[in-house]
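Subject: Structure handover

Hello,

Here is the structure I said I would pass on. My notes on it follow below.

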Amino acid sequence: MKKHNYSAGPCILPQEVFDKSAAAILDFNNSGLSILEISHRSKDFVAVMDEARALALELLGLEGKGYQALFMHGGASLEFLMVPYNLMKSNGKAAYLDTGTWANNAIKEAKHFGETLVVASSKDVNYSFIPKDYAIPADVDYFHCTSNNTIFGTQMKSFPETGVPVVCDMSSDIFSRTLDFSKFDLIYAGAQKNMGPAGATLVVVKEEILGKTGRTIPSMLDYQKHIAAESMYNTPSVFPIYASLLTLQWLKNLGGIPAIEKINEQKAALLYTEIDRNPLFKGTANVEDRSTMNATFLLNDESNAPLFDELWKKAGISGLPGHRSVGGYRASMYNALPLESVQVLVDVMKELETKV
């Protein structure tokens with residue numbers, strides 16, 4: 001039976017990425033060696049790293065605009081630390097928008113480095129909406145936001161205009177929708193949502209904002225050192241980066257971000273229409289802030305949960321339960337999830353309606 005993978009991360013990837021990755025594990029580039037064992041300094045892998053970095057900038061429309069792309073370790077969680085280390089001045093301060101668990105974790109890390117201003121938060125209502133109409137002080141070193149909140153199913157539909165550098169954690173919606181990415185000075189994203197397997201983190205940074213903190217930064221946490229070493233300061237995550245390259249190639253061949261955005265909007269519209277139509281379900285996020293990547297919803301009557309769970313599992317659906325901290329259900333509709341899989345879930349929701 002075909003599986004319909006709604007996992008929030010590590011998540012579904014295109015089938016051709018699995019096929020090419022599997023072949024490379026056995027023999028990479030007809031070298032007689034596996035991608036798992038080749039030197040990261042070899043000509044073959046240097047070419048992978050160079051293309052992956054260049055393709056990330058190309059797809060984001062940031063080629064030749066003063067940005068560098070890096071593939072790092074540590075996930076977005078390490079970037080919570082690296083961002084203030086590299087951007088917050090000694091005795092400086094930064095502004096943060098608190099829209100979910102991961103945004104809150106980023107705030108906690110920033111507080112180790114200086115004054116951290118939370119300009120707005122939706123924590124008191126379980127992060128069910130994206131705050132708006134907040135002010136960003138002109139004297140902060142940067143403003144940090146999280147574009148998509150995986151756990152709570154909310155997404156920023158617009159971003160503030162400000163004269164300070166803008167940093168965005170795009171872990172769960174990067175490469176999923178068209179934006180003017182040049183409005184951001186630093187973007188970071190764990191690969192395991194829309195870009196590849198767990199184990200690599202993409203950082204896209206405008207070089208001109210670096211080197212201004214006045215603090216000494218440990219080498220492994222210094223973006224400038226990683227840029228100078230062309231993302232090879234230490235041994236990179238060879239296989240996750242290769243799989244990420246294959247995913248970026250798949251996206252480019254599909255037509256890039258504009259093409260996948262249309263598909264993502266179709267998927268989200270199909271599922272949210274059913275959530276709103278079906279009297280057995282209700283969404284948890286404010287309608288205007290609903291994420292196209294992560295649809296969070298509940299049963300109106302929890303006594304229907306055993307039957308619903310039986311039905312979606314029987315249909316080959318996987319990864320539907322909500323995050324352990326909130327419960328309910330979460331359908332993660334990342335780039336590689338086909339529209340067909342969303343239709344299967346909608347059909348199951350309709351089937352439940354006929355059985356209760």
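I start with helix α6, where twelve of the 17 residues are buried, so this helix is largely enclosed by the rest of the structure. Buried means under 20% relative accessible area, exposed means over 50%, and partly exposed lies in between, with a 1.4 Å probe and protein chains only. Helices are DSSP runs of H or I with at least four residues, strands are runs of E with at least two, and both are numbered from the N terminus.

Before the rest, the basis: this is a predicted model, in which local features need pLDDT of at least 70 and side-chain atom pairs count only at pLDDT 80 or more, while totals for chains, interfaces and linings use all residues. Residues are numbered from 1 along each chain as its sequence is written, and side-chain values use heavy atoms, with hydrogens and water left out.

Helix α6 and its partner

The buried residues of α6 include Val-238, Pro-240, Ile-241, Tyr-242, Leu-246, Trp-250 and Leu-251. They pack against α1, α2, β2 and α7. The end C-alpha atoms of α6 are 25 Å apart, which agrees with the 24 Å that its 17 residues should span at 1.5 Å a residue; the expected span is 1.5 Å times one less than the number of residues. Just after α6 comes Gly-255, with a positive phi of about 125 degrees.

Helix α1 (residues 15-26) packs on α6 (residues 238-254) at an angle of about 140 degrees, and the two axes are 9 Å apart. Axes here are lines fitted to C-alpha atoms, for helices over the stretch in contact, and angles run from 0 to 180 degrees between N-to-C directions. The crossing of α1 and α6 is right-handed, a crossing being right-handed if the near helix is turned clockwise from the far one by less than a right angle, and left-handed if anticlockwise. On the α1 side the contact is made by Glu-16, Val-17, Lys-20, Ser-21, Ala-24 and Ile-25, and on the α6 side by Phe-239, Tyr-242, Ala-243, Leu-246, Thr-247 and Trp-250. Contact means heavy atoms within 4.5 Å.

Helix α2 (residues 43-60) has 18 residues and reaches 26 Å from its first C-alpha to its last, close to the 26 Å expected. Among its buried residues are Phe-45, Val-48, Met-49, Ala-52, Arg-53 and Leu-55. The elements covering the buried residues of α2 include β2 (67-72), β10 (201-206), α6 and α7 (256-277). Gly-61 follows α2 and has a positive phi, near 70 degrees.

Helix α3 (residues 75-87) bends by about 25 degrees at Leu-81, and Pro-84 follows within four residues. The bend is the angle between axes fitted to the seven residues ending at a residue and the seven starting there. Buried residues of α3 include Ala-76, Glu-79, Phe-80 and Pro-84.

Cores

The largest nonpolar core has 56 residues, of which Phe-143, Phe-175, Leu-202 and Val-204 touch the most other members. A second, separate core of 29 residues includes Ile-12, Trp-312, Val-348 and Met-349. A nonpolar core is a set of buried Ala, Val, Leu, Ile, Met, Phe, Trp, Tyr and Cys residues joined through side-chain atoms within 4.5 Å. Leaving aside neighbours within four places in sequence, the contacts of Phe-175 include Ala-56, Leu-59, Met-195, Leu-202, Leu-248 and Asn-335.

Thr-146 is in strand β5 (residues 143-146) and counts as buried, at 3% relative accessibility. Not counting residues up to four places away in sequence, Thr-146 touches Thr-99, Ala-103, Met-156, Cys-168 and Asp-169. Thr-292 sits in the loop between β11 (281-283) and β12 (294-299) and is buried, with a relative accessible area of 18%.

Backbone points to check on screen

Most residues other than glycine have a negative phi, and most peptide bonds are trans. Gly-9 and Pro-10 are joined by a cis peptide bond, with omega about -5 degrees. Asp-133 has a positive phi of about 60 degrees and is exposed, with a relative accessible area of 84%. Ser-231 has a positive phi of about 65 degrees, but Ser-231 is buried, at 4% relative accessibility.

Regards
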